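Please read the following explanation with the sequence and the coordinates side by side.

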Amino acid sequence: MLLSTVRDTGTLPCSAVLLWVTHLTTCFTDIPCGTADASTDPASPTLTQWLSSILDSEAAQLRPVRDWQRSVSVRVDLNIRSVLDVDEKSERLLLYVLYTQAWLNEFLRWDPGQFGGVQQVTLPADKLWRPDLILYEIAGLEDYDRSTQLSVIHNGWVEQYQPRLLETSCPLNLFHFPLDTHTCNLTFMSQTHTVGEMELYWGTGMSDGWGDTSFSRGEWELIAISAITSHPQQRTHDHPTLRAQVTVRRRPLLYVVMLLLPTALLMLLDLLSFLIPAYLKQRLSVTATIFTGHFLFLIAVFTLFPPFTTKLPLIEVYLFGSLGLLGCSAMETAVVFQIANGRSEWFMKNIFPSLSLLSGRSQSETLLTDSDGQQTAGGAVEPNEALGLARSLLSDLARIGQDLRSIRQEQSRLGTCREVGCSVDRGYLYLHCLVLMVGGTALLAQWNKHA
């Protein structure tokens, strides 16, 4: 009819064109994509029907192998996103990871050409068999089954992506706190399957030590993650295992600012206090204030210290050692203050005669006797009764001379005490600086050796 209209009129009406286009569209719509067999066979099932028949079968929950003598190879990948926390008291490490496991299902293979070119589908995870891998070092309740879908490729390759919070037990060595680095094991193993039924291996990402820590901005940072490829020989009835080692390091800036710097400044103030003479009571007040301030500081920041069970951490050795030095400095100042002001009777009777020699004075020059005064008084000529006024005058002059000699003797003794006290104080200052240098060098060597 269309051809006769064109032949008679020589033109093609619009209605005829629309009718022709509609006819062609209907023809192409009725032709399915794929092979000829799938398009011409009306009994051929669709992909949805074929997958439903597999998922509804109880065999879908069994190991996906056609030959039960073969094992299922499962690939495992870890992408560590963040180190959330390290609990020093309970020795636990909390990680946020993207966990991936993939395996081959021999029953889920189809030809994309027969099903409209579909190469990948998503199926519910509870309908198919999945590897029952658990973390061997688990230290808490793990709610990781948040992925309810599986990605299936036309060649039978099944992948499952799971965001997981892994809380694992990890032995911690806090001796080098806050410059401590810890290595923890992550061991994945099957609960029910044996080596003959399941084989585990790391993916290419884990083999290269790959990990993404873009969200790790807290106190801890990820240093390395390595896959342990060498395993002891496993027997057929053993459960398959995979092990990785995660190394984390603490960021020490907070503890350096909050603990190390204040203590160093207090130690510097204690050294500067030696510029004050030891016989002044202000020196005793300064040293006592510095010691009390450091003691209160340790009490205030005690919550920042990690719990220790075996060895005292180096930073606590540093802090308590500094407190001990400040305490020794305060006690030395109190003792030298007593010596320099001549207030210690026991020291003046037992030790002063020997220590006075260190200052270059002899005992005869330091301790004056009253024999000279007695000789002077005894050598006076008995005056006549007529000279009573002169006699009283001479008596007053003798008392004044005796008082002057006592004052001179006391000043000489006090000067010697102060010289001895300054010598003792100077010797302690040298010893104090030596202990600081040796102790600081030892601590830095330990920290640098660990770093």
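The paragraphs below go from the basis of the model to its cysteines and then to strand pairing.

This is a predicted model, in which local features need pLDDT of at least 70 and side-chain atom pairs count only at pLDDT 80 or more, while totals for chains, interfaces and linings use all residues. Residues are numbered from 1 along each chain as its sequence is written, and side-chain values use heavy atoms, with hydrogens and water left out.

With a disulfide taken as a pair of cysteine sulfur atoms within 2.5 Å, the count comes to 1 disulfide, and this bond joins C170 to C184 with an S to S distance of 1.9 Å. Because C170 lies in the loop between strand 6 (157–169) and strand 7 (181–190) whereas C184 lies in strand 7, the pair ties together parts that are 14 residues apart in sequence; strands here are DSSP runs of E with at least two residues, numbered from the N terminus. The torsion about the S-S bond of C170 and C184 is about -85 degrees, so the disulfide is left-handed.

Buried means under 20% relative accessible area, exposed over 50%, and partly exposed in between, with a 1.4 Å probe and protein chains only. C170 is buried at 2% and C184 is buried at 3%, whereas C422 is partly exposed at 29% and C433 is partly exposed at 28%.

Strand 2 (residues 92–104) runs antiparallel to strand 6 and is joined to strand 6 by 13 bridges, and Y99 has Q162 in strand 6 as its bridge partner.

Notes
Helices (H or I, at least four residues) and strands (E, at least two) are DSSP runs, numbered from the N terminus. Two strands pair if DSSP finds at least two bridges between them.
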